[in-house]
Amino acid sequence: MMASFGFSCPTSTLLFSPSVVTHRKALQSRFIASSSASSSELMSKSSVSETIERPRTSLRLKNLTEIFWVDVHSAEGRPLNVGLQEPVTIGCSTLEQVENVAVRVELSNGCVGWGEIPEVPWVNWSQTTVLEKVREACEFLSRRPPVTLNLLLHQISEMFPGSQFASVRAGFEMALIDAVANSIDVPLWRLFGGVSNSLSTAATIPTTSSAKAFDLDAKYCKLGFTTLEIKLGRSLNADIEVLQAVRAAHPHCLFILDANESCTLKEAIEVLDKLNEKGVTPILFEQPVHRDDWRGLGDVSNVARHKYGISVVADECCRDLTDIQKLTEENLVDVVNIKLSKFGIFGILEIVEMGKKSGLELMIDSVAETRLATGVAGHLAAGLGCFKYVNISAPILFSEDPVVGGYEVSGSNYKFVNRRGQGGFLKWNFLSW
């Protein structure tokens, strides 16, 4: 029977090809023997924890995708609506509730994988539109005969090509890889590289008043956050008041200044000059000018880099791998901000390789995602160990947590102690329609 959207329909019972059945335990043992899960001391500020010295596994995600045969028993998608503690303003947009989409994929061996497709500001989609796309993918998965994970992911990529569909593609990548990791009893952080099983994240202060920024900063300081990302979007004087309030509440805090494309070239340089006069220096200045102003971005970066020792981060202008290539070739910025919902797991892996060759530093960030997608991003960052800057703190803004299990949270520190997969799941029958 064909699976219809929102409920399970079985296909066949085959999961592995005979050759892979023979080697399933060998796959599992090779991952488990490669390292022992342990905690580690934080490396610095907002970053992945100190590398755990251990033998590296010879079997990584790419190898696994080529030999693991997948048979989808059922695939479903449902609305994932989560309230916020209070409305969040970023730039000129205000978010009062998160309206994401959850994806659940069950393999015929009974192992389940979970994915999340968030609302993303760079695509003008409604939740209804996303649900329609998810329905198409679920029907496709349910009627496919068993194929390798590599081929299945390629087919999903063909269904949802380019940056417009990246968040949907990423949601299904998450779910399928999580299901496979559950099948071989391997946690995602080890599958992604095994560098560490913990990390530290920054927190975000949205566009708000100086009084509210002071209160938020004091709260995050008590929770142990040492790096804050502060959103611009008011007048220059109002933005500086917010930064001074943050500095007063948390004198030793490091901060990232995120302009969200709100400045012209002249305004961006004026921001840097004014901050220097006030003795308030960010470690990063993120997307100061419009995404299409490549020359302006390079000019701001040169001033920030050479005059003030500040690194400029590209975010909104990074829409696909071609944009990343342009940034590296023309040396326009020092850091690139990448998101799981924008590039997907395999897109991020490609960017990591580009960064290694070019020397470009990496930051991993998130949009309004629950601990489901945040957990996958965290496993990826910890497992790869190459992200100098991490800000995946969105769940702290929610009024409720729909995820059961998953990573452990202690203030700014995340620890991935689950035995397999990403470790979290949703109470599926309680999700609203």
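Predicted model: local features only at pLDDT ≥ 70, side-chain atom pairs only at ≥ 80, totals over all residues.

Student: What about contacts between residues at least 6 apart in sequence: what share joins residues at least 24 apart?

Tutor: That share is 77%.

Student: On to α5. How many of its residues are buried?

Tutor: For α5 the count is 18 of 18, so the helix is largely enclosed by the rest of the structure. Buried here means under 20% relative accessible area.

Student: What span should helix α5 have, and how far apart are its end C-alpha atoms?

Tutor: Helix α5 covers residues 166–183, and at 1.5 Å a residue its 18 residues should span 26 Å. The end C-alpha atoms are 26 Å apart, which agrees with that.

Student: What follows α5?

Tutor: D185 comes after α5, and its phi is positive, near 55°.

Student: At what angle do α5 and α12 pack?

Tutor: The angle between α5 and α12 is about 45°, with the axes 7 Å apart. The two helices are therefore oblique to each other, and their crossing is left-handed. On the α5 side the contact is made by A166, S167, R169, A170, E173, M174 and I177. On the α12 side L340, S341, K342, F343, G344, I345 and F346 take part.

Student: How do the residues of that contact of α5 with α12 divide?

Tutor: There are 8 nonpolar, 3 polar and 3 charged residues in the contact of α5 with α12.

Student: Now α11 and α12. Where do their axes come to, and at what angle do they cross?

Tutor: The axes of α11 (residues 321–329) and α12 (residues 340–358) come within 11 Å and cross at roughly 15°. That makes α11 and α12 roughly parallel to each other, because angles under 35 degrees count as such. The crossing of α11 and α12 is right-handed.

Student: Which residues make the contact?

Tutor: From α11 the contact uses L321, I324, Q325 and T328, and from α12 it uses F343, G347, E350, I351, M354 and S358. The residues of this contact of α11 with α12 comprise 5 nonpolar, 4 polar and 1 charged.

Student: Where does E261 lie, and is it buried or exposed?

Tutor: E261 is in the loop between β9 (254–258) and α9 (265–278). With 17% relative accessibility, E261 counts as buried.

Student: And Q287: what is its phi?

Tutor: Phi of Q287 is near 35°, again a positive value in a residue other than glycine. Q287 lies in the loop between β10 (284–286) and α10 (294–308). Q287 is buried, with a relative accessible area of 0%.

Student: Last one: which strand holds L107?

Tutor: L107 is in strand β3, residues 93–107, and is buried at a relative accessible area of 1%. L107 and V72 are 35 residues apart in sequence, while their C-alpha atoms are 4.5 Å apart in space.

How values were computed
Residues numbered from 1 in each chain as written. Heavy atoms only, no water. Helix = DSSP H or I, 4+ residues; strand = E, 2+ residues; numbered from the N terminus. Expected span 1.5 Å × (residues − 1). Buried < 20%, exposed > 50% of the residue type's maximum accessible area, 1.4 Å probe, protein only. Axes fitted to C-alpha atoms, helices over the stretch in contact; angles between N-to-C directions. Parallel < 35°, antiparallel > 145°, perpendicular 65-115°, else oblique. Left-handed = near helix turned anticlockwise from the far one by under 90°. Contact = heavy atoms within 4.5 Å. Nonpolar A, V, L, I, M, F, W, Y, C, P; charged D, E, K, R; others polar.
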